[in-house]
Amino acid sequence: MTKIEPINMLGFAPKEEVKQKIVDDNAFKVSFDAALKLLNSTQEAENISTNLTYDFITGKNDNIHDLMIAQEKSGTMLSFTMKVQNKIMTAYNEIIKIPV
């Protein structure tokens, strides 16, 4: 029987790997790279949605289904990105409150 691996959407590692990476001082780099990848994916989805919208308005493309799917995907990714940003800012504010 094979072990089912967890979904790894943003490049987050299992707890065992995170513990090892914290010791290696590599955890921040991994998190930063994952956030950067998320931002790039969100920007790419926005660009695709914008291009499809422009093509639909100008009459180059009449496929409304692809346009609506691209817009929903872009909106969902933007919403998720904003939620991640809010969580990061909350964590940052909590870290700032820690006395040194």
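Reader: Is T42 buried or exposed?
Author: Take the cut-offs as given: buried means under 20% relative accessible area, exposed over 50%, and partly exposed lies in between, with a 1.4 Å probe and protein chains only. T42 has a relative accessibility of 5%. That value falls under 20%, so T42 is buried.

Reader: What should I know about the model before going on?
Author: This is a predicted model, in which local features need pLDDT of at least 70 and side-chain atom pairs count only at pLDDT 80 or more, while totals for chains, interfaces and linings use all residues. Residues are numbered from 1 along each chain as its sequence is written, and side-chain values use heavy atoms, with hydrogens and water left out.

Reader: Where is confidence lowest, and where is it highest?
Author: The score is pLDDT, the predictor's confidence in each residue, from 0 to 100. The protein averages 81, and 75% of the residues score at least 70. Confidence is lowest in helix α1 (residues 15–23), at a mean of 55, and highest in α3, at 92.

Reader: How many helices and strands does the protein have?
Author: Helices (H or I, at least four residues) and strands (E, at least two) are DSSP runs, numbered from the N terminus. From that end, the elements run α-α-α. The count is three helices and zero strands.

Reader: Which residues does T42 touch, beyond those up to four places away in sequence?
Author: T42 sits in helix α2. Contact here means heavy atoms within 4.5 Å. With residues up to four places away set aside, T42 touches M77, L78 and T81.

Reader: Which residues does T81 touch on the same terms?
Author: T81 belongs to helix α3. At 10% relative accessibility, T81 counts as buried. Again leaving out residues up to four places away, its contacts are L38, L39 and T42.

Reader: How far apart are the C-alpha atoms of L38 and T81?
Author: L38 lies in helix α2 (residues 27–58). Its relative accessible area is 9%, so L38 is buried. Along the chain, L38 and T81 are 43 residues apart. Their C-alpha atoms are separated by 7.0 Å.

Reader: Which residues is S49 in contact with, leaving aside neighbours within four places?
Author: S49 is another residue of helix α2. It counts as buried, at 9% relative accessibility. S49 and G75 are 26 residues apart in sequence, and their C-alpha atoms are 9.5 Å apart. The contacts of S49, neighbours within four places aside, are L67, A70, Q71 and S74.

Reader: How many salt bridges does a search of the whole structure find?
Author: The test is a side-chain nitrogen of Lys or Arg within 4 Å of a carboxyl oxygen of Asp or Glu. K29 and D33 form one, at 2.9 Å from N to O. K97 and E94 form another, with the closest N and O atoms 3.8 Å apart. The search finds two.

Reader: Why are K97 and E94 separated by about one helical turn?
Author: K97 is exposed at 62% relative accessible area, and E94 is partly exposed at 45%. Both are in helix α3 (residues 64–97). They are about one turn apart because their spacing in that helix is three residues.

Reader: What percentage of the residues count as buried?
Author: The protein has 100 residues. The buried share is 12%.
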